[in-house]
Amino acid sequence: MTRNRFWKQLKKELPLWMEKGWVNPGADQAILEHVGRRGDSSKFLSFAFGILGVLLLGSGVITYFAANWGAMPKIVKLGLLFGGMWLAFAIAGYLLRDDKAPHLGQAGVLLGVILFGADIMLIAQIYHIDSHYPNGVLLWSLGGLAAAWLLRSQPALIGAISLAVLWTGMESFGFERQMHGWFFPLWLAFLPLIWRMRWKPALHVAMIGVLLWSFFGFESLRNPLFAVQVYFLAYLALFLFGLIMATYERLSYFALPVQRYSLLAALLSFYALTFPYLQVGYPFLHGSNMRPGVAKVWLAATLIFLALVAALALWHRQCFGRQKRPLWLLWGQVLVMAGLALIIVNLFIGVRYANLMAIGFNLLMFAGVVWLILAGSYLGDRFFVNSAFFFFALTIMSRYFDTFWTLMNRSFFFMAGGVLLIGGGIFLERQRRRFTGQIKSRRGERGDI
Amino acid sequence: MKIAARIVITCIVLTLPLVGMIVRKQWTLETGTAVLLETQPVDPRSLFRGDYVRLNYMISDLDLEKLGGDDKFDRFDDVYVALAKAEHYWEAIGVYHQQPQLAGQQVALKGKVKYVQTSRWNPETKKSEPVKSIHVTYGIENYFVPEGEGRELERPPAGSKVEMLITVDRFGQAGIKAVLVNGVERYREKLL
């Protein structure tokens, strides 16, 4: 809900609350003023205009230099490049000092970082430096990170993360790196500042960045089956870590974004595993050698991430006492165990049973989606529920248009799934009534009602 | 720490790598061995950075069967190309994965394999023939010139010859020292 809508809703509700005695007479105006003040958008506007202005100014400065480049001696060019960057940071410092204009100051820091990037490119031009070009973007990203650390600047950090993603994209697509591992240590270097400063927007960009990175690596794989399994395990591990984060006071602030992005990525990976062609192999890619065996590197990675998932699951169990562990969580654990078992079996079977594995992954995908709806409704998290419905629809559509199985087989699959879901729904409704009945009777015994 | 101190440190931290870029290139130009290379200019213009000439050298395409050193390379491998002075230009005599031991009047230029060619179409026999050649880039393929002057270097008039005087330092890094047109120096690199 937007602030404006919230304010209007509040204005409508307050007379009733006063009537019921929940709010003292006269307090309604104070509440409305307080909420209205929070909605003051002038600060945001000055920041937004500042950032946009900086981007335009930065672009203008770069093209101005480019247009007049030939006429300037080298010393003047260098003076402009260094002087421009120093001036931007000096102005930023002036605006940040004593909180004079902190938002514009942050825009100044961003301008300094943009000019640092322009300086890298233009010095490369002046001195005819023509090396491995992604390195220039990496250097730019590191400069942004340094500025973010030193000046406590979230815009600079977001810029640095975006540049790091650009860098890994250039390495992955331009130089055919199957998994550009060097991105990961750089990505980790962004996290301490995010955690220390409690910068949620930067965390969102970092999470999107790591998802894009894994997608870049996936793109260049010829035989992605076992890589997708590793991806699923890695994102499942991250999701479990997100659940653990929620139980620690110092980390709980960041738990939700971590849970949501990792859940989305884990679901996407698991969804990929439901494709029978991925399990059996692509005739046009693998020819007669359908479903090549697991390479040592993917076997090792699978085992490492399995161990990590197991360790995190145990850690998560310890965070919840036995009596506190809700039913939906226990069911989730059963599903995760089933998924892990399927992944382990999938490492060692041949093409003969690949078809069965595809059926297994599909059944588990549907079960997982149902569990997600359940977990979402228990936690009151609409994101879980919406994601579940999205992946449910996506998987149904994929299977409907999948030509791997015959139409008759697909028909049986859908009918069996439908019966299971209806049966499951009735069972869940009974369970819900039983639980709510128990809660009511407990409250009655305590005299709560 | 006060904001002024933070600003000063930020400026220093961000200036150092930029100065490092200049120092590294200048060190190669000052300490390296001068090598004259024959070129084949190919390509015109960068939208972002004004004019530049994209250069293709005679040592860019290497026939492994005619050269010494190693004979198996993959795309994006780092390589060292041994150059020796011939009559006028320096020419490739071997390609190696590691920096080789060299005799006098030889240098090893570091490059990256851009692509590996295993077959070539012969228009006379109209058949594809097996070859073992690699295309290598050395970081001296771009030369920036003032706007409007690129075309002359890029497509010299008939009979004109563009040569590049480069320097190669002891690590195999190269830098363009001067551009010569018909043996006459047209551009020369200076620090400032």
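**Helix pair in chain A**

α10(A) and α14(A) are roughly parallel to each other, a term for angles under 35 degrees. The model is predicted: local features need pLDDT of at least 70, side-chain atom pairs count only at pLDDT 80 or more, and totals for chains, interfaces and linings use all residues. Residues are numbered from 1 along each chain as its sequence is written, while chains are lettered from A and ligands numbered from 1 in the order in which they are written.

*Geometry of the helices*
- The axes (lines fitted to C-alpha atoms over the stretch in contact, with angles from 0 to 180 degrees between N-to-C directions) of α10 (residues 225-247) and α14 (residues 296-319) of chain A come within 9 Å and cross at roughly 20°.
- The contact of α10(A) with α14(A) involves 21 nonpolar, four polar and no charged residues; Asp, Glu, Lys and Arg count as charged, Ala, Val, Leu, Ile, Met, Phe, Trp, Tyr, Cys and Pro as nonpolar, and the others, Gly among them, as polar.

*Hairpin in chain B*
- β10(B) and β11(B) form a hairpin with five residues between them, and B:Gly172 in the turn has a positive phi of about 90°.
- These strands, β10(B) and β11(B), run antiparallel and are joined by seven bridges; strands pair if DSSP finds at least two bridges between them.
- B:Val168 stands opposite B:Ala174 in β11(B).

*Contact between the chains*
- Chain B contributes 30 residues and chain A 32 residues, where contact requires C-beta atoms, placed from the backbone, within 7 Å.
- On the side of chain B that touches chain A, α1(B) gives the most, with 15 residues.

How values were computed
Two residues are in contact if their C-beta atoms, placed from the backbone, lie within 7 Å. Helices (H or I, at least four residues) and strands (E, at least two) are DSSP runs, numbered from the N terminus. Angles under 35 degrees count as roughly parallel, over 145 as roughly antiparallel, 65 to 115 as roughly perpendicular and the rest as oblique.
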